[in-house]
Structure formats: structure tokens, C-alpha cells
Amino acid sequence: MGNVDDDSATFEQSYDCANNRNEKVSTPISNGHIPSHAFVQQKVEGQLSEPELVEEEQNEEQLLLNKHLKFSAPAYTEIRTRSGGLKFKGTSEGSYHPAKQLEANGHATKSGSKCEKFKPSQADGVLSAEQEHYQKTSFEDVPLHTACLTYLGFYLLMILGYINQLLFVPKVATEKGREGYVALYDAFESFYSRYVYRRVRDCWNRPICSVPGDELVLKDRVTDDYGWSFRFTGTETRCLNLGSYNYLGFAAATGACADDSEQRARQKGLAYCSPRSELGNTQLHIDLERLTARYCGVEDAIVFGMGFATNALNLPSLLGPNCLVVSDEKNHASIILGLRLSGATTRVFKHNSMRDLERVLRNGVCYGNPKNGGKPWNKIMILVEGIFSMEGSLVRLPEIIALKKKYKAYLYLDEAHSIGSMGPTGRGVVEYFGADPKDVDILMGTFTKSFGSAGGYIAGSKKLIDFLRTNSHAHCYASSISPPIVQQIYTSMSIIMGEDGTDTGRNKVQQLARNTRYFRRRLAQMGVITYGHEDSPVVPMLVYLFSKIGAVIRTLTTRHIAVVGAGFPATPIMEGRIRFCLSAAHTKEQLDYALDVIDDVSENLGLKYSRKPRDPKIIEY
Amino acid sequence: MLNNIINFANYWWFRYLMVTELYVVEKWERVAIHVIFMVLFCVFWYFNYSVLLSVTGNLFGYTPMGNILPGVQQASGIKVT
């Protein structure tokens with residue numbers, strides 16, 4: 001979805017403007033432009049004169065100014081895709097104007113937040129846990145007519161798909177010489193991806209060619225045959241990134257993390273090519289495990305090279321056939337896979353419903369294992385996530401801990417999204433609710449999100465971790481984490497903990513909490529339906545219809561905002577959604593720009609479904 | 001004025017395509033679905049006209065219009081049963 005008709009004059013203009021003011025624009029690639037070679041040269045020169053560069057980088061105000069400059073027009077000029085009807089406001093009408101807003105707002109200009117009265121993300125503790133949950137979490141029902149239309153549209157797409165399949169041979173590779181064989185691939189899934197998903201395939205899996213920080217550069221591609229195939233146009237689009245799980249903004253090509261990782265890669269190479277239990281164990285890994293244990297406030301921790309495998313391969317070593325697992329219905333696929341591999345009996349409870357959880361637990365305790373003649377279960381484990389990534393909701397930890405103690409069950413908490421992003425100092429939902437980390441038996445989390453790296457950990461008692469060290473497949477057979485990746489995790493974790501001697505980490509956590517509240521409140525004020533807890537940085541905006549997901553993503557891309565949509569296989573049919581992921585790297589100006597555009601788009605595409613009363617006051621950042 | 005009307009129609013046509021998911025499909029599929037819609041509409045209309053109208057007429061004891069109108073032979077001219 002590139003802007004093909006854009007003329008290069010505007011780009012030159014902006015770049016000249018940047019040069020005249022003696023400022024370094026980090027990536028002056030405007031929308032739809034072939035990256036200019038002159039710029040590459042310039043960049044190389046810039047790298048050669050290193051002392052100058054360092055000086056410039058030290059000047060924070062300058063950097064901030066640069067941010068404003070590169071974010072202003074014309075990189076964010078509006079491109080019309082449709083001629084008729086849609087009345088988008090000009091971007092200049094929005095509040096994003098660098099000259100006006102240099103120092104106006106309370107945004108963290110120099111070193112984090114200025115505002116004293118801001119309260120970090122933390123449970124208030126004024127109301128009871130249950131009341132607080134209901135007060136802060138919203139799951140608004142779908143309007144009836146939208147529900148009907150969504151089903152109608154879905155059936156239409158299916159009918160059209162069948163007609164299509166009947167009339168034409170699909171443009172995919174077919175196997176030959178397989179007569180008499182049973183189909184190897186699931187028929188419905190391939191049908192779905194060919195005739196429903198394919199129509200909006202340009203909105204997913206979009207290739208990028210930059211660091212996914214607060215902004216990213218999309219590689220433009222077009223399709224000539226309705227999504228069957230794509231070809232690159234050779235142009236690039238710089239977009240505001242609202243789609244990465246880069247909660248604390250550690251995914252960056254510059255800064256302490258990147259420098260340390262680079263140095264570590266030069267020292268130690270890129271991989272050990274061996275599992276931890278053989279030759280892949282180094283002091284680096286041991287240090288990281290100790291740091292992780294301290295970070296989580298528990299005795300010991302173990303780290304793995306892959307977040308998904310942390311769940312999928314460790315659950316089987318903890319659970320066996322005569323175990324009962326009580327799992328939330330919105331749990332991630334990795335957990336579900338792990339449970340299936342373990343062979344344990346799984347009972348699902350309704351999302352965040354404590355009453356249902358208690359019912360399932362009570363039944364489990366009372367009736368025992370029916371396959372084993374009603375004898376008691378070996379162990380019962382409650383499996384929940386900290387932040388549910390599709391719903392944006394928070395686990396009700398205090399109540400679950402109470403239930404766990406009441407029924408003597410184990411608690412496995414997957415903090416993939418919440419670690420680093422929740423709590424006053426980023427220690428996850430456990431800190432957010434002020435709970436004791438020792439009350440949670442198994443603390444699992446990933447380094448993929450907040451730490452801007454890869455891998456996962458499990459933290460808990462020394463006994464648990466020792467057990468895992470001998471029994472976990474992910475520890476015994478999977479290759480150990482690569483040195484630069486360990487370093488990235490180590491440095492980012494020390495920054496969050498404040499062990500580098502600055503308060504950068506704390507400011508980042510606060511900035512994220514602030515961005516989250518602001519963004520969520522502004523969206524609620526607009527009248528779109530969002531799901532989840534008011535402090536969760538994952539903000540799903542419900543658009544319901546399949547074509548609206550496509551339309552929103554395409555329109556936002558033309559307005560230089562990259563977002564992620566989620567449709568049927570990942571969500572229920574009726575609940576297509578756009579998922580915004582906020583980051584500490586976003587500034588207020590960027591959010592304001594995004595919110596203005598979202599307001600505009602949701603007005604035009606009819607996304608303002610909410611029937612709740614709207615806040616008439618101006619939302620303060 | 002004309003422009004406004006065209007814009008208005010365009011916009012709501014777009015919204016209509018959006019809610020019926022026809023926005024994402026190919027042109028011939030859009031036409032096919034509209035043809036199906038029209039056929040369905042016509043079938044319903046004919047069903048209402050020929051069956052439902054007479055059934056409700058009989059049910060509530062209304063006399064068909066053709067029988068009341070003077071000077072018109074039954075089952076000739078306007079056929080409103």
C-alpha cells in the first residue's frame with residue numbers, strides 16, 4: 001500500500017530542511033520513496049566522523065527536535081486512496097505540529113516523566129479485588145445488528161468461496177501422483193486461508209526493513225491477483241509503530257543494549273551450538289539466571305532460548321496423565337500445546353471468571369479423576385496469563401491466589417506480556433497487585449516483549465528449578481541462548497532494575513503506564529469499543545467485521561500508522577479487532593497523531609459502536 | 001449540489017459494501033452476490049404477492065380488491081388477488 005503518485009519534491013524539501021538546520025535525521029525515508037543513494041552515502045560519512053556523532057547523540061534536545069522534525073509533514077501527509085465519499089480531515093488539522101508542541105505538554109522531555117502527581121500502574125487497593133476488577137475492566141457487548149451483519153458477511157464470504165472453488169482451479173501448487181491418498185492438509189483450513197484470509201492478506205505479515213522501534217519502515221508491496229501473490233514495488237513507507245510488543249522501547253538499533261550486544265557478539269561469537277547441559281553453558285547464562293531470579297524476587301530461575309518452547313516443553317515435564325489442569329479459556333496456543341503434550345486432563349474455565357474457576361476446582365477436588373475410578377488427582381494446577389494478549393485483560397491474581405490456597409492447587413502464571421510492562425518498577429502483575437512472588441508457584445515469562453530480545457524463563461523455588469534443570473526438554477536438548485541475545489536481556493533487565501545507576505528504566509515503565517492510560521481513555525472518549533483492563537498496554541479495538549479489519553489497516557497505513565489486526569482463527573468469528581500495542585518509546589505527540597487519525601478513521605468507517613456515556617472532559621496526559 | 005449527492009451516495013455505498021463484506025471481494029463476485037440478492041428479493045416479492053397476500057386475505061376475511069372494483073370482470077385487468 002505505498003503511495004505511488006507522491007512526487008519527490010516534498011521529500012527533497014523535507015530533507016533539505018533537515019540539513020539546513022544542521023540536524024541528523026535518522027531515517028529520512030518518506031512514504032513510497034525509493035531509498036536515495038545520496039542518503040546512504042551521507043549516512044556512511046556520518047558513521048566515519050564518530051566524535052561528531054557522539055556529540056550529537058549526547059545532545060538530547062537536539063534528538064528530540066529531530067524526532068519532531070522527522071515526524072512532521074511531509075512524511076505524514078495524507079494520501080487519498082479512494083476518490084469518493086470519505087471525508088478525512090487533513091493531517092494538519094490534527095494537534096501534531098512540532099512548532100506548537102515543543103514544550104507545551106507534560107511529556108517526558110529530558111529524562112522521563114515530570115509530572116509528580118502521576119501514579120504508576122498499580123492496583124489501588126481501595127476497593128476489594130473483585131470490585132476493582134469490575135471497575136477497571138471493560139468488555140462491552142456487541143450491538144445486535146452488528147452481530148447479525150458479521151455473521152451474514154461471514155456466510156457471504158463462505159458462499160463466494162465455494163462458488164470460487166467450484167468455478168476455478170485455485171492458483172496454488174497441487175500434488176501430483178497422489179491418487180488414493182488421504183488429503184495431507186486440513187481441507188477447511190486451506191479453504192479458509194484461500195478464500196477468506198487471502199482477500200485481506202495484504203494486511204498481515206507485512207515485511208519491514210528497519211528496527212521496529214517507535215517507528216518502522218514497511219516494504220511496500222502490491223498484488224495484481226487479489227492476494228494470491230505479491231510483488232515488491234521497491235519503495236518503502238515509514239510508519240508509526242503501534243503493532244510491536246516493544247513495551248519498554250528496548251528494541252532499538254542504538255543505545256546501551258545495542259552497544260553491549262554488539263560488543264558481546266564480537267567477544268563471544270554468535271552461538272554456542274550446544275545445549276545448556278552440554279557445552280552451551282557459560283557464566284553469562286548463569287549471571288542472567290541469577291539476575292532474573294532477583295528481578296522476580298524468587299530463589300532461582302532458568303532461562304530458555306525460545307519463549308513459545310518455554311511453555312510448550314516445560315509443561316509436559318511438570319504435569320503427567322493423572323494431573324488436573326484448570327486453564328483459562330483465553331490462554332495462549334503455547335500453553336494449550338504444552339498441556340496436550342503433557343497428557344494431563346484439562347478443564348477450561350470462563351475467561352477471568354472466579355466463580356467458574358471455583359466451580360471447576362471444587363468439582364476436581366470432590367470427584368477426583370473419573371478415568372481412575374474417582375481417585376484423587378496427583379496435582380491440580382491453575383494456569384493463567386498475566387496479560388491476555390488478545391483481550392488486553394489482566395489476571396485477577398489476588399482472588400486466584402486465595403482460591404489456590406483454599407483448594408491447595410498449584411499456580412502457573414505466564415507473564416509473557418506483563419513482565420516489564422506492569423507494576424511500578426516493571427516486575428509484572430505480581431508487583432502490580434502487591435502479591436508475594438512466593439505465592440505463585442511457577443512464574444513463567446518471555447524476554448521477547450519488554451526486553452526486546454528472545455527467549456523465556458521460569459522462576460520459582462530452588463527445588464522447582466533444579467527439577468527443571470534435570471527434566472526439561474527445552475533445557476536438555478535445545479541450543480542455549482546466543483551471547484548477544486543474553487547480553488541484550490541482561491542489559492535491559494539491569495536498566496529496568498536501575499542497576500546501571502540511572503532512573504531510565506523506572507521512567508520507561510512510568511512512561512508506558514502513562515501512555516496506556518492516556519491512549520485507552522482517549523479511545524473510550526471517542527466511542528470505540530475497547531476490551532480489557534485500563535492499565536494493560538495491549539489495547540484491542542473491536543471492529544467486528546472482517547472487511548473492516550482490512551479497511552482500517554489499509555487506511556491507517558496510508559496515514560502512516562502500522563497496526564496489527566486479528567481475525568477469525570485467532571478470535572471468535574464475531575470479534576475481529578485491531579490490536580494496538582503501546583510502548584514507552586512513543587511520545588505524546590505520536591500518540592496524539594495516532595489518536596486523531598483513529599478518530600477520523602473510525603468516524604468514517606463507522607467503528608464507534610460504544611453505547612457507554614463518554615467523558616466530556618479533555619483527557620490529560 | 002450534485003457533487004454533494006454523489007459524494008453522499010458514494011460514501012454510503014462504501015459503508016454498505018463494508019458491512020456486507022463485499023468490500024474485500026473481486027468485482028465479479030460482488031456482481032454475483034448482488035444478482036443473488038436481487039433474485040432473492042424478486043422471489044420474496046412474488047411469494048408475498050401471490051401466496052401471502054391471498055392467505056392473509058382469506059384469514060382476515062378481506063375481499064380481494066378486484067371483486068370490489070366496479071366494471072371489472074373477475075380475473076381480468078388488474079390482477080390483485
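Trainee: In this predicted model, how should I read the open sheet of three strands in chain A, and what is its strand order?

Mentor: As a general idea, strands of a sheet pair through backbone hydrogen bonds, and they do so either parallel or antiparallel. Here the order is S2-S3-S15 in chain A, and the pairing is mixed. Strand S2 (215-222) and strand S15 (561-562) of chain A are the edge strands, each of them pairing on one side only.

Trainee: How many bridges join S2(A) to strand S3 of chain A, and do the two run parallel or antiparallel?

Mentor: Seven bridges join S2(A) to strand S3, residues 231-241 of chain A, and the two strands run antiparallel. To find your place in the structure, take Glu215(A), which stands opposite Leu240(A) in S3(A).

Trainee: Into which domains is chain A divided?

Mentor: The division gives domain 1 (8-77), domain 2 (78-241 + 503-621) and domain 3 (268-497). Between domain 2 and domain 3 of chain A, the C-alpha centres lie 28 Å apart, and the contact takes 26 residues from domain 2 and 23 residues from domain 3.

Trainee: Which elements give two or more residues to the side of domain 2 that touches domain 3 of chain A?

Mentor: They are helix H5 (129-136), helix H18 (504-526), strand S13 (532-533) and strand S14 (538-544) of chain A; of these, H18(A) gives the most, with five residues.

Trainee: And what is the make-up of that side of domain 2 of chain A by class?

Mentor: The side of domain 2 that touches domain 3 of chain A has twelve nonpolar, eleven polar and three charged residues.

Methods: Residues are numbered from 1 along each chain as its sequence is written. Chains are lettered from A and ligands numbered from 1 in the order in which they are written. This is a predicted model: local features need pLDDT of at least 70, side-chain atom pairs count only at pLDDT 80 or more; totals for chains, interfaces and linings use all residues. Two strands pair if DSSP finds at least two bridges between them. Helices (H or I, at least four residues) and strands (E, at least two) are DSSP runs, numbered from the N terminus. Domain bounds come from an automatic or database domain assignment. Two residues are in contact if their C-beta atoms, placed from the backbone, lie within 7 Å. Ala, Val, Leu, Ile, Met, Phe, Trp, Tyr, Cys and Pro count as nonpolar, Asp, Glu, Lys and Arg as charged, and the others, Gly among them, as polar.
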